[in-house]
Amino acid sequence: MEIQALHDVVHNSRDARRQQTLPKLSPAERDTLIKKFHPDHREAAYRPVAFGPNEGDMTVRELASVLEGDSVVPDDLSLTPHYEADVLVVGGGGAGCAAALHAHGQGAKVLLATKLRLGDSNSVMAQGGMQIAVAPNDSPVQHFLDTLKGGHMKNDHELLKTMVEEGPSIAKWLLELGVLFDRDDDGNLHVKKGGGSTKARLLTCSDYTGLEIMRVLKDEVLNRKIQLLEFAAAVELLSDEQGACTGAVFQDLDNKRFLVVAAKTVILATGGIGRLHIQGFPTSNHYGATGDGLVLAYRIGAPLVQIDTFQYHPSGGVYPEQLVGQLVTEGIRSEGGHLVNGRGERFVNELDTRDVVSSSIIRECEEGRGVRMPTGRVGVWLDTPLLEAEHGEGTLDKHFPAMVRQYARYGVDIRKDPVLIYPTLHYQNGGVKIDVNGETSVKNLFVAGETSGGLHGRNRLMGNSLLDLMVFGKRSGLTVAERVQTMSHGSLTLNHLQRFRAEAKKHRVTNQVTSPVVLPAYAEQP
Amino acid sequence: MTGSFDTEKAVSREEALQPQMVTVEIAGKSFRVPAGITLMKALWYTGHEVTRGAGCLGGFCGACATYYRTKDDPKVKTCLGCSHAVEDGMSFSFAPAFPARKATYDLNELENPKQDLFKLYPEAPLCRNCNACTEACPQQIDVREGVWKAVFGDFKAVSETFMDCVMCGMCVPVCIADIAPNLVGVYASRAYGVREMEKPPGLSDRIQAIADGEYADDWERILKMSDDELQQTSATIKS
């Protein structure tokens, strides 16, 4: 069928669909749907981790393999430091910048290292917004309950309470740095409703929320002259005789040399794992999202939590081919956009949680109600022109300029035609276990942002990631800044690595890969 | 569907199987690549190891600023390499990092941000209206207009003009007055937020309410609940 004919199914069913309301699923229905169709429940994709802190725990094969991987660092590497800092922040996205700025603000000597450029991250792509309970009819308690429901009640209560209660002061901090959140006529912060939330709670900067926040944070990191080490990939942590973290080894991506950084405390803010393409899924993640922080923390002995659950964002691009896996903002559904199958029918309440919506899209496609494009890919429609019909012409240009541009580049006018979507690997729900200050079970090793786990349960609620980054970036930054005042540098050893290697040998791990992966191997080999 | 993304290859099987191949020139050397793939994928497809010039791969971070020219057209254009498709006869080069000067400042300490612009970026008012910056912008921002608005002190308008700016910096090397318009944009936009915008009145009330323990009773009730009770409570909340 020609693409126009496929589009017509959506156009022709629009008026009838507008009369319809679809109920949200009951807890039991959600459960059944997810167990049958969500990729987290595909047993064949999972295996137990062979050794280390999470020995025996089930996770996806891609992650198990890098956790058991060997380091590129030789046992006898000279550990004379090239750099010294009170606080070493690894990662230059939202969590890394927030941690660096807060630690620096308290007078700590901070070094921020990243394998790409400062700011290159998933954070910069966040379009949907940031959940903070600021509206008069809302409260941190509501935010807590919504998140818990979204996370299937598996969220760490203490971490979650900390996040929702600190939300409003994070909004204040960002405003004071000049972040231009959308406002209402009375000057208050404008809030939008996100999937899985009972209240309108998303703070936005049109559909450039992450970009606006990162532009500001990056600019501020540069203003403060925080020491930067760019194009340097963290490949191993360092520990002292007691097992506390004392720094890290980096590999310069330009000349491949090892760089040793001695630090009193280390904050890992390396983001997620999408570029490992779990279960063969395309991903919305940035180029460097290869799970490096999980690997580094694991080798030094920090346990991970909930590593069997990932978020597949409902709306990844399917067509045109250039947009495969790229995120289509959830905002379209927040504003009333319908999901429509190949027969012109709605099949899920579009504002249900991400795992429910993704599972239902997979169900439609697996049961033959999807839409197959000439490229061979399958998906369902997201009815974007509906927003123009519903809220008036110009709505998409005004509220979704980034998305209009994203598609216009390839000749698709989302104001006139719907877009095809399918779930894309978006977020690592679990990660390194932390306490409310971001500290792991390894002394002086902190983790902030997507690399950490427990907060989001088995499904992260839309808009909670940006807040997570800021809250735990801030808390880890402030905690280390205070701690470094009364401590000295520890010794630099690779004892933990030697132990890890001995264990790998004992467990006869074969086909050991080198990890962290650092960058995906996309270049065709001769 | 899910298995169709070949994780070992830059280009998915569907793309590679497309019969149509095109010829492109990458940094002066000719290659055959599948039609319709992005410039970034063309780099991978032709065996280039990419460590610089790739970031979010979604058109938001500005890492992959690229110069390109289409067949027989003398005009050199700009784009983001992660979000632009190859065409037959196209010639392109990824832009190296340009050594622009960023002024450093403390927005709260500035005496008069509109005047201080001329101290921090003294070249800003020297714009000669050549419009090269606007033409160089892959985001179609009216960059020249934005610079003038900054010079005239309309920082609110600057913030609106530059909201789409991904900081790729393509406007900088073309400026004959050595202005870095994107950096002027960030400065003016932040200065507007910090110094001109009123703080939202409701926000401080909410922060105060949390500090005063206004939700303490709710928390106590909630945190005592078993998982079952919590589940029931969350399920009954109505929007």
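1. Thr23(B) faces Arg32(B), which lies in β2(B). The strand that pairs with β2(B) here is β1, residues 21-26 of chain B; six bridges join the two, and they run antiparallel. Strands are DSSP runs of E, at least two residues long, and helices are runs of H or I, at least four residues long, both numbered from the N terminus. Strands count as paired if DSSP finds at least two bridges between them.

2. A note on the basis. This is a predicted model: local features need pLDDT of at least 70, side-chain atom pairs count only at pLDDT 80 or more, and totals for chains, interfaces and linings use all residues. Residues are numbered from 1 along each chain as its sequence is written, while chains are lettered from A and ligands numbered from 1 in the order in which they are written.

3. In chain B, five strands make an open sheet with mixed pairing, ordered β2-β1-β5-β3-β4. Its edge strands are β2 (29-34) and β4 (77-80) of chain B, each pairing on one side only. From one strand to the next, the twist averages 35 degrees. Axes for such angles are lines fitted to C-alpha atoms, for helices over the stretch in contact, and the angles run from 0 to 180 degrees between N-to-C directions.

4. Chain A has 15 helices and 20 strands. Its radius of gyration is 23 Å, close to the 24 Å that the globule rule gives for 526 residues, so chain A is as compact as a globular protein of that length. The radius is taken over C-alpha atoms, and the rule is 2.2 Å times the number of residues to the power 0.38. The C-alpha trace of chain A spans about 70 × 55 × 45 Å along its principal axes.

5. Of the 526 residues in chain A, 63% are buried. Buried means 20 or more other C-beta atoms within 10 Å of the residue's own, with C-beta atoms placed from the backbone. Strand β11 (residues 258-268) of chain A is mostly covered, with nine of its eleven residues buried.

6. What does β11(A) pair with in the parallel sense over seven bridges? That is strand β3 (residues 83-90) of chain A. Here Val90(A) has Leu268(A) as its bridge partner. Leu268(A) also has a bridge partner in β19(A), namely Val447(A). Strand β19 (residues 445-447) of chain A runs parallel to β11(A), joined by three bridges.

7. Strand β10 (residues 245-252) of chain A pairs with β11(A) in the antiparallel sense over five bridges. Val249(A) is partnered by Val260(A). The two strands form a hairpin with five residues between them, and Lys256(A) in the turn has a positive phi of about 65 degrees.

Notes. Buried ≥ 20, exposed ≤ 12 C-beta atoms within 10 Å, placed from the backbone.
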